[in-house]
Amino acid sequence: PSLIAGSLLYWGMNRVRHVLFLPIALIGVVISFYIVASILSFSLVSLRESGFVFRSLPEGGVFDAFKWLSVTKIDWSVVLNGLGKIGGLILVCTIGASVATTALEIGAETELEPNHEFRAHGLANLGAALVGGLPAFTLTGPSLSYLRLGASSRLMPILRPLFSLALGVAGLSLLGLVPKVMVGTLLVVFAFGLMDEWLIRA
């Protein structure tokens with residue numbers, strides 16, 4: 001189902017250049033999923049038990065995580081034992097950022113300043129580390145998908161974390177209604193985007 005939905009979405013994204021196409025299409029995927037489940041007489045509980053829908057997460061929201069943000073709770077022996085892995089992770093993220101910058105230049109048909117991009121990645125990762133975030137770098141697939149849909153302003157990267165924060169404040173209970181096929185659909189869409197840019201257009 002994810003492969004079929006993702007293929008249709010990617011086909012539609014290449015023809016409907018509107019910023020609202022992807023969110024509306026994903027809502028359609030969710031509605032279609034529950035319509036089929038209703039026709040087949042599947043309840044929400046049975047869908048969760050069968051692994052088709054994410055299980056509800058504990059109430060409390062993102063603010064419960066702040067109680068763990070304390071230097072006194074760090075197990076420094078684990079940190080010291082993992083220094084080698086931390087160094088390898090930094091290297092992987094650096095290489096990933098370099099590859100992502102090149103891919104964005106090809107996909108967006110524009111020239112980027114590598115030093116500026118690397119500084120932005122470094123500052124973003126340092127900021128994320130202060131609140132227990134994971135190291136990361138730019139995801140080329142989603143970025144190019146947003147660009148194709150017309151979301152080329154700085155408003156998109158600002159709204160995205162705000163929506164994520166709103167979901168966290170709501171207690172993440174809404175995730176208990178999200179079918180896993182929607183996540184699979186997004187992965188297929190982004191994978192098609194990468195293959196298109198790296199294997200066809202490049």
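Colleague: What is the relative accessible area of Leu-20, and how do I read it?
Modeller: Start with the cut-offs: buried means under 20% relative accessible area, exposed means over 50%, and partly exposed lies in between (1.4 Å probe, protein chains only). Leu-20 has 46%, so it counts as partly exposed. This is a predicted model, where local features need pLDDT of at least 70 and side-chain atom pairs count only at pLDDT 80 or more, while totals for chains, interfaces and linings use all residues. Residues are numbered from 1 along each chain as its sequence is written, and side-chain values use heavy atoms, with hydrogens and water left out.

Colleague: Where is Leu-20 in the chain?
Modeller: Leu-20 is in the loop between H1 and H2. Helices are DSSP runs (H or I, at least four residues), as are strands (E, at least two), numbered from the N terminus. The chain has nine helices and zero strands. Look also at Leu-149: 129 residues separate it from Leu-20 in sequence, yet their C-alpha atoms are 7.7 Å apart in space.

Colleague: Which residues of H2 are buried?
Modeller: An α-helix has 3.6 residues a turn, so residues three or four places apart point the same way. In H2, the buried ones are Leu-22, Ala-25, Leu-26, Val-29, Val-30, Phe-33 and Ala-37. Viewed down the axis of H2, they fall within an arc of 145°, so they line one face. That arc is taken from the directions from the helix axis to the C-beta atoms. The face turned away from this buried side carries exposed Ile-24, Ile-27, Ser-38 and Ile-39.

Colleague: How many residues are in the largest nonpolar core?
Modeller: In soluble globular proteins, nonpolar side chains tend to be buried together. A nonpolar core here is a set of buried Ala, Val, Leu, Ile, Met, Phe, Trp, Tyr and Cys residues joined through side-chain atoms within 4.5 Å. The largest has 19 residues, and Leu-9, Leu-22 and Val-189 have the most contacts inside it. H1 (2-13), H2 and H9 (180-201) each supply at least two residues of this core. Its largest share, seven residues, comes from H2.

Colleague: What is the phi of Ser-41?
Modeller: Most residues other than glycine have a negative phi. Ser-41 has a positive one, near 65°. Ser-41 sits in the loop between H2 and H3 (44-49). At 67% relative accessibility, Ser-41 is exposed.

Colleague: What is the volume of the second largest pocket?
Modeller: A pocket is an open set of points on a 1 Å grid over the protein atoms alone, where a 1.4 Å probe fits, with protein on both sides within 12 Å along at least five of seven lines; lining residues have an atom within 4 Å of a point. The second largest pocket has about 460 Å³. Of its 18 lining residues, Leu-89, Ile-90, Cys-93, Asn-125 and Pro-135 are the closest to its centre.

Colleague: Which helix gives the largest share of the lining of the second largest pocket?
Modeller: H5 does, with seven residues. H5 (83-108) and H6 (114-130) each supply at least two. Cys-93 is also among the buried residues of H5.

Conventions: Grid points are joined across faces, edges and corners, and a volume is the space filled by probe spheres set on the points.
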